[in-house]
Amino acid sequence: MSEHEFAVWAPTPDLVRLDVNGTVHAMTRHDDGWWRTTLDVAPDVRYGFLLDDDPTVLPDPRSPRQPDGVHARSQLWDPAAATWTDEAWSGRSIEGAVIYELHIGTFTAEGTFDAAIDKLDHLMALGVDFVELMPVNAFSGTYGWGYDGVLWWAVHEPYGGPDGLVRFIDACHTRGLGVLIDAVFNHLGPSGNYLPRYGPYLSSASNPWGEGINIADADSDEVRNLIIGCALRWMRDFHADGLRLDAVHALVDTTAIHILEEMSTETDALSAQVGRALSLIAETDRNDPRFITPRADGGLGMTAQWDDDIHHALHTAVSGERQGYYHDFGSMKTLADTLQHGYFHAGTYSSFRHRRHGKPLDTSKIPGYRLLAYTCTHDQIGNRAIGDRPSAYLDGGQLAVSAALALLTPFTAMLFMGEEWAASTPFQFFSSHPEPELAEATRKGRKAEFASHGWDADDIPDPQDVATFERSKLEWAEVGSGEHAAMFELYRDLIALRKREPDLADFWLDHLAVEFDEDARWIVLRRGGLDIACNLGENAVAVPVTGEVLLAWGDPEIGADSTVLQAHSFAVLRR
């Protein structure tokens, strides 16, 4: 037993009481809206709060653990009692690194942190630098993508809870792998969100996923503290090396100091305190350089951002798809412009949005490593109607060219789990809402969304069907077989080349030269003394480059003045 202060910010109810293992205790209200009491309790005691005369025990908004799900009592968990062996880990920035995004629930058959540890040697052989975990905060149900979290401070218990996350990050650090955690602060899930009962946590604004978070209206200071405190907790208590911040454009902040700027400031202070680099990666569709501009230069100070323009330009050029937001992309010129300037839409008209979009990036001041390049993400796969990966509709050469363009350009690179061996399994949208009405609404909404785009509703997987979740698990037996093994070898070699060649460590987009032929469908990236020549077309072409071949897919024919590339192939040459 030890003394512990229980505290909760709850300005809305007139009475708040503490329930500890079924015993009710009085709490004292303070002028700032906080209720507090101190008790001698066991270090793993279960507790919750009673609001006014409602007999329902509610979990702690800052719950450290939810062993019985998001509707049940919270449990104390002391980070100081965790066992760490990563004292030698000095950390590193994500700038220019190779990041590997994964979903704990489908990364392995078991879907746990401990099972994921057993696959870390695979990532070491691949050569990646960071693991980026899709959200691991507590959400309703047993499985899901994690973006419907409602208790941001707690770790999803079916994955292994807080102790499992400690073991996973510790194992990563002992192998030299950094860890990033996907954090969602722009909305709350529909099941288990009790925050409005406590106080004005939500705003009058909304976004595509639900009600907005109150970060700028009256009484928003404590809501901001909840968010920033949670962000720092992942990096301080769980030793994470940074965060991926979900859809930050949905954080509506009209205050003079944007919450991202405040989070960046606090993260830098924590970095100095713990003595290792900490990174913040923003997901934003704004194409606004302010997000990745340093605070000293008037920006918000994010380390980097996801760049969907790079994905769209690359994907459409290789695949030929033009539907939806792909409409403005697809030409070789679009690909070249995007690779040279970071954004394609930079004050230009977007036919998808029916308006001008974006702002030019000053490539003389902002290096390419502040942008993430990728051929796949959970969104770009999972938000397709049937969750099919590029490996389901592209041939090996097209996949290889895509990988080369993502990994050998002057950006921070990111892979999505299984991409490196052209996994055959889909990554579909799945959920496990326990409430029948919510489950049915999710099921109908998913079908209606894609039916409106011309898909047969019967082809849309039922997100509530456990088979949809099971289908999305990786098949690890594929890794060493046939074409899968060849693709893994290519990815491994691309990453090794990226790290080995000094010319590929130049992340200034101003130093990148690009040549292309729109009709012949070839493109050449000139980086120092290296040429990355790619043929995206259906026919063999002669490309005006020559030299020593360092890496290739296909059988390039090197001539005195040109190199013949077969259809859907590439070659990296040293002049």
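Select Cys-534 and show its sulfur. The closest cysteine sulfur belongs to Cys-376, 16 Å away, which is too far for a bond. This is a predicted model, so read each distance as computed from it. Cys-534 has 0% relative accessibility, so it counts as buried.

Is Cys-172 buried or exposed? Cys-172 is buried, at 0% relative accessibility. Across the structure, the disulfide count is zero.

Now colour the chain by domain. Domain 1 covers 2–58, domain 2 covers 96–304 and domain 3 covers 511–574.

Turn to the second largest pocket. Its volume is about 460 Å³. Select His-4, Glu-5, Pro-64, Leu-76 and Trp-77, the closest to its centre among 23 lining residues. Then highlight β1 (2–9), β5 (34–41), β6 (46–51) and α6 (221–236); these elements each give two or more residues to the lining. Which element gives the most? That is β1, with six residues.

Colour the lining of this pocket by class. You will find 12 nonpolar, nine charged and two polar residues.

Last, bring back the domain colours. Where does the second largest pocket lie? It lies between domain 1 (2–58) and domain 2 (96–304), because both give residues to its lining.

Notes: Residues are numbered from 1 along each chain as its sequence is written. This is a predicted model: local features need pLDDT of at least 70, side-chain atom pairs count only at pLDDT 80 or more; totals for chains, interfaces and linings use all residues. Side-chain values use heavy atoms; hydrogens and water are left out. Domain bounds come from an automatic or database domain assignment. A disulfide is a pair of cysteine sulfur atoms within 2.5 Å. Buried means under 20% relative accessible area, exposed over 50%, partly exposed in between (1.4 Å probe, protein chains only). On a 1 Å grid over the protein atoms alone, a cavity is a set of points where a 1.4 Å probe fits but cannot get out, and a pocket is an open set with protein on both sides within 12 Å along at least five of seven lines; lining residues have an atom within 4 Å of a point. Grid points are joined across faces, edges and corners, and a volume is the space filled by probe spheres set on the points. Helices (H or I, at least four residues) and strands (E, at least two) are DSSP runs, numbered from the N terminus. Ala, Val, Leu, Ile, Met, Phe, Trp, Tyr, Cys and Pro count as nonpolar, Asp, Glu, Lys and Arg as charged, and the others, Gly among them, as polar.
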